[in-house]
Amino acid sequence: MAPSATVAGPPPSGAGLPASPPDLSPRPRPGETLIKLSLALSAGLSVLITFGIIAAVLGPALSFFDQVPIGDFFSLHDQGGRGVRAAVIPLLIGTFLTTVIALALAVPLGLGAAMYLSEYASPRARKWLKPTVELLAGVPSVVYGFFALFFITPVVLQGWLGLEVNFTNSWAAGLVLGVMIIPTIASRSEDALSAVPQALRQGSLAMGANRMQTTLRVVLPAALSGVAAAIVLGLSRAVGETMIVTMAGGAVKNNSLDPSEPHMTMTAFIAITAQGENPVGSADYNMLFAVGLLLFVVTFVINAISIAIVRRFRQAY
Amino acid sequence: MSLATRTASDAVTASLTGKSKDRDVRSMVFLGALWFSLFFGVVVLLALIIDTAIAGAPRFDLQLFTEYESRINRDGTGFRAGILGSVWLMATTALMAIPLGIGAAVYLEEFADKKSRVARIIEINLQNLAAVPSIIYGMLAVAIMGLLGYVYKGIVLGGAFALALLILPVVIITTREAIRAVPSDIRHGSLALGATVWQTTWRNTLPSAVPGIATGTILGLSRAIGEAAPLLILGLATVRDDPTGIESKVTALPIQIYNLSAMSQLEYQVAASAAIIVLLVLILGMNALAIFIRNKFQRSW
Amino acid sequence: MSKMPAEATANGTHTPHSEAPMTTFVSQAGHEPLPKLPPDPVMETKALNVFYGDFHAVHDVDLAFGRNEITALIGPSGCGKSTVLRCLNRMNDLVPGARVEGEVTYHGQNIYAKDVDPIAVRTHIGMVFQKPNPFPKSIYDNIAYGPRVTGMKVDSMDDLVEEALRGAALWDEVKDKLKQSAIGLSGGQQQRLCIARTIATKPDVILMDEPCSALDPIATARIEDLMLELKDDYTIVIVTHNMQQAARVSDRTAFFTAKPDKTTGNRTGQLVEYDLTNTIFSNPSDQRTEDYISGRFG
């Protein structure tokens, strides 16, 4: 159903024997122009979304800083009395704890899976194994959160391991968060490892190294920047994930570094505050956006680092 | 990497070093660790499914689908509102995200000058958007709904805005890959016959890219159907009503699961477990469909 | 449906376009001697220069393409012959960063002038590519594609499809499977389908970019026969790296070579010699042409 307006005009009659000079003048193609314009608008929308996000978050966040001194925000403890409980440092500590636990689990496991897929698996096995690993990323975070709350904490941590952990705690949230980001790290790292030229492997094997030595000493270092970008992307996912930490990580601002205690993260704060009955425009409501702005800035910087690493990596080969 | 080079490298490995080199203790431990890494996630996924299925087993009944959430009849609490809500949200999300995503991808691949500054800005911007936390998209949707003048934002339209914006980068990125996989020979053949760029795209490139686009779109929607965080920001809560339009108050399956998991009564946890299995079946089904389409219909040129 | 006898097209002596049977296997030397330059050129290039970004790909090419003649562009790899060919219907527009200076005229009009529509140019000047590139559609839809997208007024699409397939000596092989996918055809059939697809839009000039390089010798011979038939109705420009092919089919031959730039070392293509094919192959005036023809380089 191409628009009829894009007709290119009659071709020369009697091929090879044009009586008059052929008409090569531009045809008006309003349909084509209209389509091109609407496609360009669709593409431009993605940039508009970024500005929209910034505007949507920045507006209320700036009102918040009119209502509350910035020192109360970047503070370890909420101010007493009836004011806004504005301290954000405890939320950063909560995010930091769960993220570190998640990375401690996901980096070795994700890298291990990537090395197996890239260096050991046959192409046929990889065709099925990689989507299977990626399935882990398809599980909804609310399901992971439920699993952390009702299985990891009571059965694994308190039961099998006999740990003295709270009903909600950073261990469970961080570990399940780690499971969730394994596929991100595995899949991206596998891409980076597979991109290492075959000649490097053959050179190493020809010198008598076995596959383990080749993988660890030749392939992994050669793909290091791609692997680093994968880890940074996993980090960004862990920082931004909401439901797991909201359900299993706790709803208490907590400055201790003990993962067996509950800790509220930035995202959990946003999710929990959003369900409250704070009137639009109040300092409590606006604080949600102030924390959202901080979260956006943190993930934006992390993403920028990841993109920068990938760009340098692409130039290398 | 091609099969040929891989086979060649295997041959080199075998002839130059002998497989025996891979058989020493450290290598075997290393390989074991890699196997463990690969299957750890799968084992966790299996544990999750089995544990949840056992917990939810008492509630695999019809009421799970036909009843609303109930405070009185806890044993018969159901997810009718959430399931219908998710269906409405998905349909509206798809209507918003798919045309926009494909349009943007077609423009970037077929019309835009790829070396231009604008194209590069859009490229980096897309990578960034794909990694923005989903909860932030909820905030954007709140702002959009505010601009449109909606006081109560927990309606189908609000949720669909958040989810559509969330999956738009995924749809654009996978559609671009699908379009890029169509060889330029085909485009040139069409253009050389006097077709316009759009005619070439519409009649040749897009039909060839359909399997890839379908795969990406299904994966995007399967991500959206499990999202809860941005919907919480919009204030989606318990609803005991069927949605009837895009301005209906709505809830979603993940939101209902979240709400019930916060209740102390065991009956609700059982019901939530059963609902999780429903959600997982939906999502795994969508993923399987996407993989099937990718492996079955994607032509190798 | 036409009732043309099958053997008439199969032995390559008759096309639906030609009024009388023609003889094509006579050596070019047996004809009336052609004038040294085409007297009534359909297309000309004047001081044609092509750049890809900073890279100067082709330097100062002046050529004239005679009506109902086959002109061959030959030369070693990287000499710019394909680049020149792609300038003739503005396919170079599709290469990012490509820039063309000088003129390419078609019936006296510069096709690179501001008010010229490249899409209109391509409806008059068709192109056949190195690798057969049938669309993943039925044979019928492949042929009907051009007329459909250009909005050609067609009385009967069935007749047009048959005419084009007969013109490309493919009708007898595919007439019973027009609805089948073109991807199932052999390489040689695919290439003839691409030729049929091109002539279905009734162009004036057909550009062929190494059309036989992906084909076996038998399929190549069929395409060469076809070119000699098509010459009656079309002006043909062919790029080939096969000198025998140029000698067999073409009336005129342009020899290109690549000259390294003194400062950058980039190799810029240039036209060395342009003459009747007989002259180029028997009595070239430039030493480099003679070296190339005799196999001393390239």
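**Entry 1: a helix on the sheet of chain C**

Axes here are lines fitted to C-alpha atoms, for helices over the stretch in contact, with angles from 0 to 180 degrees between N-to-C directions. Helices (H or I, at least four residues) and strands (E, at least two) are DSSP runs numbered from the N terminus. I note that this is a predicted model, in which local features need pLDDT of at least 70 and side-chain atom pairs count only at pLDDT 80 or more, while totals for chains, interfaces and linings use all residues. Residues are numbered from 1 along each chain as its sequence is written, and chains are lettered from A and ligands numbered from 1 in the order in which they are written.

**Entry 2: the sheet**

I traced an open sheet of ten strands with mixed pairing, in the order β5-β4-β1-β2-β10-β9-β3-β8-β7-β6 (chain C). Its edge strands are β5 (109-110) and β6 (125-128) of chain C, each pairing on one side only. Strands pair if DSSP finds at least two bridges between them.

I then followed β10 (residues 267-276) of chain C, which runs parallel to β2 (residues 55-66) of chain C and is joined to β2 by two bridges. Val58(C) stands opposite Gly269(C) in β10(C). With β9 (residues 252-260) of chain C, β10(C) pairs in the antiparallel sense over nine bridges. Arg252(C) has Leu276(C) as its bridge partner, and Phe255(C) has Glu273(C). The hairpin of β9(C) and β10(C) has six residues between the strands, and Gly265(C) takes a positive phi near 80° there.

**Entry 3: chain A against chain B**

I found 77 residues from chain A and 80 residues from chain B in the contact (C-beta atoms, placed from the backbone, within 7 Å). On the side of chain A, the largest share, 18 residues, comes from helix α1 (residues 30-67) of chain A.

I also checked helix α3 (residues 89-120) of chain A and helix α2 (residues 25-56) of chain B, whose axes come within 7 Å and cross at roughly 110°. That makes α3(A) roughly perpendicular to α2(B) (65 to 115 degrees). Residues of α3(A) that meet α2(B) include Pro108(A), Gly112(A) and Tyr116(A); among those they face in α2(B) are Leu34(B), Trp35(B) and Ser37(B).

**Entry 4: a buried helix**

Seven of the nine residues of helix α11 (residues 266-274) of chain A are buried (20 or more other C-beta atoms within 10 Å of their own, all placed from the backbone), so α11(A) is largely enclosed by the rest of the structure. Phe269(A) and Ile270(A) are among them.

Notes
Angles under 35 degrees count as roughly parallel, over 145 as roughly antiparallel, 65 to 115 as roughly perpendicular and the rest as oblique. Two residues are in contact if their C-beta atoms, placed from the backbone, lie within 7 Å. A residue is buried if 20 or more other C-beta atoms lie within 10 Å of its own, exposed if 12 or fewer, and partly exposed in between; C-beta atoms are placed from the backbone.
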